[in-house]
Amino acid sequence: MAPMTARQPTEGPTNLPRITVEVPVLHMGSAPGAYESLGRYVESLRSQRGLHMTLLHLGFLDRLAGDIVAWTQGAVKPETAKIEIASWLRGLPRLDGFLGKSERLITLGGGRVSSLEITVPLVVHDYQTLLVQGLHVVLDDIGLDNIDDFILSSPALGYRSPRWLPHVAVGKARSKHQEPIELETVALEFGPSRIRNEVALPGVV
């Protein structure tokens, strides 16, 4: 199965940490104010400190476990699903930091979110594919059938299409479904991969 692009996640309870595999943006642009200059195209520009690129979105783990329980008609218990997924995540190899670039601002999330479309090295695409393949394996080990169908239909995972588009969300689009905007090349430096909210995973002390 090909890599995937996630929907803009719906808001959920604040006490449920969202789990993703991502890489942080360490540096953007070759001149001071390069990021802030995007404000001319974007409404409510996000803080640069929290910018990241998602490699795999798992959503709220409790909800994902609930989707698995429903898919298996109760044959898999929610705690079993959560522990298996957490163990897989903790055992993932780390992707080293890398350089990327962007030349276009696009809208995602149903046309509501402005994002930099990112060109990344092949090794990043390979790593993202490895994540999807690993998700297949862990779901198979848990006891799911028709795994492709499950992945594309799970509300918790929220995948819209079987294609991963490297991007960094930077803020709210000025208008819904805004046309892509061509930019002068923006260089980006990304840090090593990490699991967002890893401390919230079962078994982590």
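**Exercise 1. Is Phe98 buried or exposed, and what is its relative accessible area?**

Solution. The scale comes first: a residue is buried under 20% relative accessible area, exposed over 50%, and partly exposed in between, with a 1.4 Å probe and protein chains only. Phe98 has a relative accessible area of 8% and is therefore buried.

The model is predicted, so local features need pLDDT of at least 70 and side-chain atom pairs count only at pLDDT 80 or more, while totals for chains, interfaces and linings use all residues. Residues are numbered from 1 along each chain as its sequence is written, and side-chain values use heavy atoms, with hydrogens and water left out.

**Exercise 2. Determine the number of aromatic pairs and classify the pairs formed by Trp71 with Phe150 and by Phe98 with Phe190.**

Solution. A pair of aromatic rings is described by the distance of the centres and the angle of the planes. Rings of Phe, Tyr and Trp (its six-membered ring) pair if their centres lie within 6.5 Å; planes under 30 degrees apart count as stacked, over 60 as edge-to-face and the rest as tilted.

Step 2 is the count, which comes to 2 aromatic pairs. In the pair of Trp71 and Phe150, the ring centres are 5.4 Å apart and the planes stand at 70°, so this pair is edge-to-face. The partners belong to distant parts of the chain, 79 residues apart: Trp71 is in helix 1 (residues 61-71) and Phe150 in helix 4 (residues 147-153). Helices here are DSSP runs of H or I with at least four residues, strands are runs of E with at least two, and both are numbered from the N terminus. Trp71 is partly exposed at 32% relative accessible area, whereas Phe150 is buried at 1%.

Step 3 takes the other pair. The rings of Phe98 and Phe190 have centres 4.9 Å apart and planes at 20°, so they are stacked. This pair, too, links distant parts of the chain, with Phe98 in strand 5 and Phe190 in strand 9 (residues 181-190), 92 residues apart. Phe190 is buried, with a relative accessibility of 2%.

**Exercise 3. Find the salt-bridge partners of Glu22 and state which parts of the chain they tie together.**

Step 2 concerns Arg194, whose salt bridge with Glu22 has its closest N and O atoms 3.0 Å apart. Arg194 lies in strand 10 (residues 194-196) and Glu22 in strand 2 (residues 18-28), so the bridge ties together parts that are 172 residues apart in sequence. Glu22 is buried at 1% relative accessibility, while Arg194 is partly exposed at 37%.

Step 3 concerns Arg196, which meets Glu22 in a salt bridge at 3.1 Å, N to O. Since Glu22 lies in strand 2 and Arg196 in strand 10, this pair ties together parts 174 residues apart in sequence. Arg196 is partly exposed at 29% relative accessibility.

Glu117 is in strand 6 (residues 113-119) and Arg104 in strand 5 (residues 98-108), so the parts tied together are 13 residues apart in sequence.

Step 5 joins the bridges that share partners: Glu22, Arg194 and Arg196 form one network.

**Exercise 4. Describe how helix 2 and helix 3 cross, and list the residues in contact.**

Solution. Step 1 is the geometry. The axes of helix 2 (residues 78-90) and helix 3 (residues 122-142) come within 10 Å and cross at roughly 145°. Axes are lines fitted to C-alpha atoms, for helices over the stretch in contact, with angles from 0 to 180 degrees between N-to-C directions.

Step 2 lists the contact, meaning heavy atoms within 4.5 Å. Helix 2 contributes Ala81, Glu84, Ile85 and Trp88, and helix 3 contributes Leu131, Gly134, Leu135, Val138 and Ile142.

**Exercise 5. Which residues does Leu56 contact beyond its neighbours within four places in sequence?**

Solution. Leu56 is found in strand 4 (residues 52-60) and is buried, with a relative accessible area of 1%. Its contacts beyond those neighbours are Thr20, Val21, Trp88, Leu131, Val132 and Tyr159. Leu56 and Val132 are 76 residues apart in sequence and 7.5 Å apart in space, C-alpha to C-alpha.

Methods:
A salt bridge is a side-chain nitrogen of Lys or Arg within 4 Å of a carboxyl oxygen of Asp or Glu. A crossing is left-handed if the near helix is turned anticlockwise from the far one by less than a right angle, and right-handed if clockwise.
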